[in-house]
Amino acid sequence: MKRKISIFVIALFFIAPITGFAQYDYNSPEFQRIVSKLHMQGHSDHDVATCSVKQLYYEEVLSMLNKEGMSEEDIIQYYVDEYGQTALKEPEFGKSGLFAWVMPVVGLAAGAVLIGLWMRKGKTKAKSVHESEGKWQSEVNREMTEKLFDEERYKRF
Amino acid sequence: MYIIGCTVLYLGLFISAYSLIANLIGLKKKNRRWLESARGGILSLLLISVTASFVLFYILATGQFQFNYVASYTNENLPLIYKLTAFWAGNEGSLLLWVVLLCIFTGKLVFSKHKRNPMMPYVSSILLLNILFFFVVLIFTSNPFEMTDTIPADGSGLNPMLQHPGMIIHPIAIFLGYAGLAVPFSFALAALLMKRVDSEWIKLTRRWTLAAWLFLTAGNIIGSWWAYLELGWGGYWAWDPVENASFLPWLTVTAFLHSVMIQERKGMLKLWNISLIIISYLLTLFGTFLVRSGILTSVHAFSNSNIGSYFLAFLLFMIALSIFIVIARYDLIKKETSPIESYFSKESSFLLNNLILVAGAFAVFWGTMYPLFSELLFKTRVNVGPPYFTKVMTPIMLCLIVLMAVCPLIAWQKAKVERFFKNFIWPLSAGVLAGVILYFSGLRGIFAIVGLSCTVSMFCAHIKEFVDGIRARRKVKNENVFLAGWKLIRKNQRRYGGYVVHIGVAILAVGLVSSHAYSQEILKTVQSGESFSIGKYELTFNGLIEQTANHRGVVAAEMEVEYKGENIGSVRPEKIFYDTWPEPTSEVAIKQHRFTDIYVVLSSWENKNKATFQVKLNPFVSWIWTGGIIMAIGTLFALIGGKTGHFHNTRMSVTGDGEF
């Protein structure tokens, strides 16, 4: 037990200063990840040199990372608590934001189902027409198909 | 000038109303004289709108600041080219541009060799309705000839960011696309009204639709190019509502251009094609409403005014009219539509292509409008920004690329799986090989690698089509490679023009994926003589220079760029201060090296020897512009070609019409 405690204390000696004095700047991936999620009241795409709102956000985030030792999640949550969902560049996955994410998938799926049903119906119809009326549904169809085959046959010549 | 300007606008209003009524009476009474009178009215509208444009050009060029529009968008020191292009810098001018284009297109139609086409009075009536609406808007809410209360000594000037060649062309291209789409829309409604739901209207409008699509493509790409060079944030597409507004009709028209091929060849998808072109046209109105109403926050929307309510009212009217006409002719369309015969055929792959494109359009529409829906439905304000669109659109666009890889190799009517795989094995192998090479060369990111691999497959599938065609010709005709290639393309310009467009898309896709997945960014403050690294590049700051020229102050940074220790040149990012504009603008310095853009922005400075730079490495961005140019060349090729087939010529001769 004593050995374990002494190893832990020695490890703490090495780890604590590293985490305690970790310095983040504008180029740190952690900083970049956080600011890439923040809407910054519509100023996120502004030039940091001339935009005072963006500068304020950058300083705040750096201060939270360096001085207050907050994690990425804590910082994001802080802004969400402060400004609601408008703090972020994209809707959350739960509650009100769910609709935003689900609807494109629903749209695609609904479209796929409709096309599938239409094709199935059309295939059955085509089959029955072919069986009952011979090969061609009409003279127009025959002309169209012949033209198509001709075009495919001679497309290169 | 005020009297001339306003008079022509009022004349435009009355003559468009008269021509519309004359057309309707002519159609009802089957009286040619009324129809001829309406045609005369259209000619007058053409003259009137061109006169209005000349008046606006004149007052802009001569700096007549007693006009509100001139005072708002120009000043004495503005170069002449930007004084003239301020025509479309604001609401009033851009709407005038739109109506001029509509009048030109309507004039072109009713005075073309197809003027006796029985469809024409219907078509021109729908176009006249549009023209009438725009004259109403111009007169009652956006008059470009409105006077100022007091004549200012100088104008406010044009936003410096708009003083760029890209902004001379981009708005015209977009408006050409928007106005151009009104033509196939009008033909579609005319065909329905006349109960002629065969493919005639599609054949008559093929070039109009293709040209509109070309302009929308060019407009979007030129807009991106301008944003990349001028806005200084290092990107080219921000999924802003204004950008989405022009992207939406592009997606639906792309779907339409593919699905009409099925109708032309197989008589299928009639209702779908009519719906697609109606939706595309309505999206141009919706986009304009979005941009000008101020209902959504956008970085480059036009100023708010009540113009949005006019557009909303017209949009709702056109939706109601379109739905009414489609429902009235639904049975006819349904009766004349042929069914699909095989799940595995070019027809089905085109259907899938349409599904993906329309799903993409829906996703963009949904994302753009969601902040409004969320506020209305959940009382929660949210933002839907680039991360959302990237996550939603990436899989959709990936599916599209995959489909583009397989579609050219699938046969019409009923394809054989074995034959398809025999054809696809080489493109597939090339894609897989590309993926392996990319992975082992150190690239990471599953979506990016898969996306690039699929793009390689797609590219190779199209090259294979060309190679097979050339081989076949050489074998039979004994031609050399170049002659065989040229004759192959000339023989079927629509098909091979389309393939060239697809090759352009592949090149563009490489640019999009690479620049999105593998860009690097750094923000660095350095002293004069000091260096910093980004990727394999090292930049050395050599100090700031200040100079004044042409009524503007310029602060420029001199920087040397090295790649792996070798000097590859210098860059000079600038900040420009204008006399007439409160904010300085960033003049980005871009150095291209090995398909990578070294994108340098002078962010700020403390003194001549200490400055902060934002530097980005954007790989393959130039491929986006190259891809866009190739797409335009392919579209032009398809536009020039495209002879009518025997079947359709026969049908046309019955009605006495031909093809444009």
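Trainee: Is Ile425(B) buried, partly exposed or exposed, and why?
Mentor: Ile425(B) is partly exposed because its relative accessibility is 42%. Buried means under 20% relative accessible area, exposed means over 50%, and partly exposed is in between (1.4 Å probe, protein chains only). Bear in mind that this is a predicted model, where local features need pLDDT of at least 70, side-chain atom pairs count only at pLDDT 80 or more, and totals for chains, interfaces and linings use all residues. Residues are numbered from 1 along each chain as its sequence is written, chains are lettered from A and ligands numbered from 1 in the order in which they are written, and side-chain values use heavy atoms, with hydrogens and water left out.

Trainee: Which helix does Ile425(B) lie in?
Mentor: Helix 15 of chain B, residues 417-440. Helices (H or I, at least four residues) and strands (E, at least two) are DSSP runs, numbered from the N terminus.

Trainee: New topic. How many disulfides does a search of the whole structure find?
Mentor: Zero, over all chains. A disulfide here is a pair of cysteine sulfur atoms within 2.5 Å.

Trainee: On to strands. How do strand 3 and strand 4 of chain B pair?
Mentor: In the antiparallel sense, over eleven bridges, with strand 3 covering residues 537-549. Two strands pair if DSSP finds at least two bridges between them. Strand 3 and strand 4 of chain B form a hairpin with two residues between them, and Asn550(B) in the turn has a positive phi of about 50°.

Trainee: What is the bridge partner of Ala549(B)?
Mentor: Arg552(B), in strand 4 of chain B. Arg552(B) also stands opposite Tyr578(B) in strand 6 of chain B.

Trainee: What about strand 4 and strand 5 of chain B?
Mentor: Strand 4 (residues 552-563) and strand 5 (residues 566-571) of chain B are antiparallel too, over five bridges. Glu562(B) stands opposite Asn567(B) in strand 5. They form a hairpin with two residues between them, and Lys564(B) in the turn has a positive phi of about 50°.
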